[in-house]
Amino acid sequence: MDKKYYLIVDDIQKGPFTLEELKSFELDKSRLIWFEELEDWTPLEKIGELSHIIKRVSPPIKPFVASPPPVSAKFESIEKNSFFKTNKWYIIGGFVLLLLLTIAFFTQNKEQTPSEELFSSEQTEPVQENNVQINSSSQTNDFEPFEERELSPSQLRQQLLEKEQSNPLNYLSVNASMSENKVKTRHGTMFRSSEWKVDGYMLEGNITNSATIASFNDVTVRISFISSTGSAIDNSDFVVYDSVLANDGISFKQKIYPPEGTVTYEVSILSAKY
């Protein structure tokens, strides 16, 4: 019984084939083949009994490329001499141009030198005088030592306290509203109502302290009475005898009697103690 052979063609198993059929194929030595006596797929060149069916390929013919002979030293010297002969006038012209530019540069600098010397000689004395003054002032400062010291937290706090206490009006503010002060003159009974009369006005407001450290006492408040024309008719000052702590506020009440003709009013702070 003839052996059956199998081939791998383009990663696909082909077969079975007889030996005569294999001979008709043009198989190269790396073609994988298998038959029952083999354990795995094997290149054709490793199977001695099938070596005679491997396609014989003649080695490639290397083309002959002719190379020119090396250039001798004689021809190299001829080429160099030919280059200098062809370009010598360009070389000479460039050298002459460079020489002319160098001469012009030094000539221009020589012409400018006298004016520069004159200018420097005119400025010599004032500059020296200034240097003397500067040196003398620096010598004077040498005898006045200045030592910059960093303040401690307690010193910084005291500095801030003095700054706030020096001008209370920068930190104190006031706002107030005014209403009629009604006084009961007769109590009501089952058969009649109570009777009231207006006894001046009641000014109620708040004083606020925006200082960080400083507290203020005995704040003097002024109320200005304004007419319909915007003119100040009269002023009334009173003292709020209380302490306004830092970042805090107090409330107050004050009975007042506005003069005749008062349409509106303004409230402000005049002073405070600390």
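Author: Happy to, and let us begin with Phe 252. With a relative accessible area of 8%, Phe 252 is buried, because buried means under 20%. Please keep in mind that this is a predicted model.

The partner of Phe 252 is Phe 238, and the two form a tilted aromatic pair, with 5.9 Å from centre to centre and 50° between the planes. Phe 238 belongs to strand E8 (residues 232-244) and Phe 252 to strand E9 (residues 248-256), so this pair ties together parts that are 14 residues apart in sequence. Phe 238 counts as buried too, at 8% relative accessibility.

Another one of them joins Tyr 5 and Phe 35, an edge-to-face pair with 5.2 Å between the centres and 70° between the planes. Here distant parts of the chain are linked, 30 residues apart: Tyr 5 sits in strand E1 (residues 5-9), while Phe 35 is in the loop between strand E3 (32-34) and strand E4 (42-43). Tyr 5 and Phe 35 are both buried.

For a contrast, turn to Phe 95, which lies in helix H2 (residues 73-142). Phe 95 counts as exposed because its relative accessibility is 58%, and exposed means over 50%. Phe 95 is part of a nonpolar surface patch of about 770 Å², made together with Trp 89, Ile 92, Val 96, Leu 99, Leu 100 and Ile 103. So while Phe 252 is buried at 8%, Phe 95 is exposed at 58%.

How values were computed:
Residues numbered from 1 in each chain as written. Predicted model: local features only at pLDDT ≥ 70, side-chain atom pairs only at ≥ 80, totals over all residues. Heavy atoms only, no water. Patch = residues over 30% accessible without salt bridge, like charges linked within 9 Å, V, L, I, M, F, W, Y side chains within 5 Å. Areas by Shrake-Rupley, 256 points an atom, 1.4 Å probe, with all protein chains shown as cover. Salt bridge = Lys/Arg side-chain N within 4 Å of Asp/Glu carboxyl O. Helix = DSSP H or I, 4+ residues; strand = E, 2+ residues; numbered from the N terminus. Buried < 20%, exposed > 50% of the residue type's maximum accessible area, 1.4 Å probe, protein only. Phe/Tyr/Trp six-rings, centres within 6.5 Å; stacked < 30°, edge-to-face > 60°.
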